[in-house]
Amino acid sequence: MIRLRALDLLEENGKTKYWLYMQLGMSYQNFNKMVNNETKSIKYDNIETMCRLFNCTPTELFEITDDWDVEIDNVDVVITSLYGVMFC
């Protein structure tokens, strides 16, 4: 999973979430989802603005984590297609 490091960078730079929120000019709901990594997309304009504000590159703004690994060993999943085939 790709993770936005905005909260880490805020702490490193001695800034608050409110400060970043005001700089980006987004709705608070979308901003909060973004900084808490609860969104599927981020506009290039916001990435560029954060890079300029934090004086960093996109590589420093994001990190890849292993959180996307999902353990399904103990879960039974049944999917029925239009043909009535079941996969378990």
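# Asking why: helices, core and pockets

Author: Start with Asn-46, a residue of helix α4. The model is predicted.

Reader: What makes Asn-46 buried?

Author: Its relative accessible area is 11%. The cut-off for buried is under 20%. Asn-46 falls below that cut-off, so Asn-46 counts as buried.

Reader: Which residues does Asn-46 touch, not counting those up to four places away in sequence?

Author: Leu-24 and Met-26. Leu-24 in turn touches Phe-31, Met-34, Asn-46, Thr-49 and Met-50, with residues up to four places away again left out.

Reader: Why is Arg-5 called buried?

Author: Arg-5 has 16% relative accessibility. Buried means under 20%, so Arg-5 passes the test. Arg-5 sits in the loop between β1 and α1.

Reader: What is Arg-5 in contact with, leaving aside neighbours within four places in sequence?

Author: Glu-12, Glu-60, Leu-61, Phe-62 and Glu-63. To count, heavy atoms must lie within 4.5 Å.

Reader: Which residues of helix α3 are buried?

Author: Helix α3 covers residues 28–35, and Phe-31, Met-34 and Val-35 are buried there.

Reader: How do you know that the buried residues of α3 line one face of the helix?

Author: Look down the axis of α3. The buried residues fall within an arc of 90°, so they line one face.

Reader: What makes a set of residues a nonpolar core?

Author: Each must be a buried residue of a listed nonpolar kind, and side-chain atoms within 4.5 Å must join the set. The largest such core here has 16 residues. Leu-20, Leu-24, Phe-31, Met-34, Met-50, Phe-54 and Leu-61 have the most contacts inside this core. Helices α1, α2, α3 and α4 each give two or more residues to it. The largest share, four residues, comes from α4. In soluble globular proteins, nonpolar side chains tend to be buried together.

Reader: How many residues are in the protein chain, and what percentage are buried?

Author: The chain has 88 residues, and buried ones make up 22%. It holds five helices and four strands. Along the sequence the pattern runs β-α-α-α-α-α-β-β-β.

Reader: How many of the contacts between residues at least 6 apart join residues at least 24 apart?

Author: The share is 51%.

Reader: How much space lies in the largest pocket, and how is its lining divided?

Author: About 240 Å³. Its lining has seven nonpolar, three polar and two charged residues. Among the lining residues are Met-1, Ile-2, Met-34, Asn-37, Glu-38 and Lys-40. Glu and Lys count as charged, so Glu-38 and Lys-40 belong in that group.

Reader: What about the second largest pocket: how much space lies there?

Author: About 200 Å³. Its lining divides into three nonpolar, five polar and two charged residues. Residues of this lining include Met-26, Asn-30, Lys-33, Met-34 and Asn-46. Helix α3 supplies the largest share of this lining, three residues.

Notes. Residues are numbered from 1 along each chain as its sequence is written. This is a predicted model: local features need pLDDT of at least 70, side-chain atom pairs count only at pLDDT 80 or more; totals for chains, interfaces and linings use all residues. Side-chain values use heavy atoms; hydrogens and water are left out. Buried means under 20% relative accessible area, exposed over 50%, partly exposed in between (1.4 Å probe, protein chains only). The arc is that of the directions from the helix axis to the C-beta atoms. On a 1 Å grid over the protein atoms alone, a cavity is a set of points where a 1.4 Å probe fits but cannot get out, and a pocket is an open set with protein on both sides within 12 Å along at least five of seven lines; lining residues have an atom within 4 Å of a point. Grid points are joined across faces, edges and corners, and a volume is the space filled by probe spheres set on the points.
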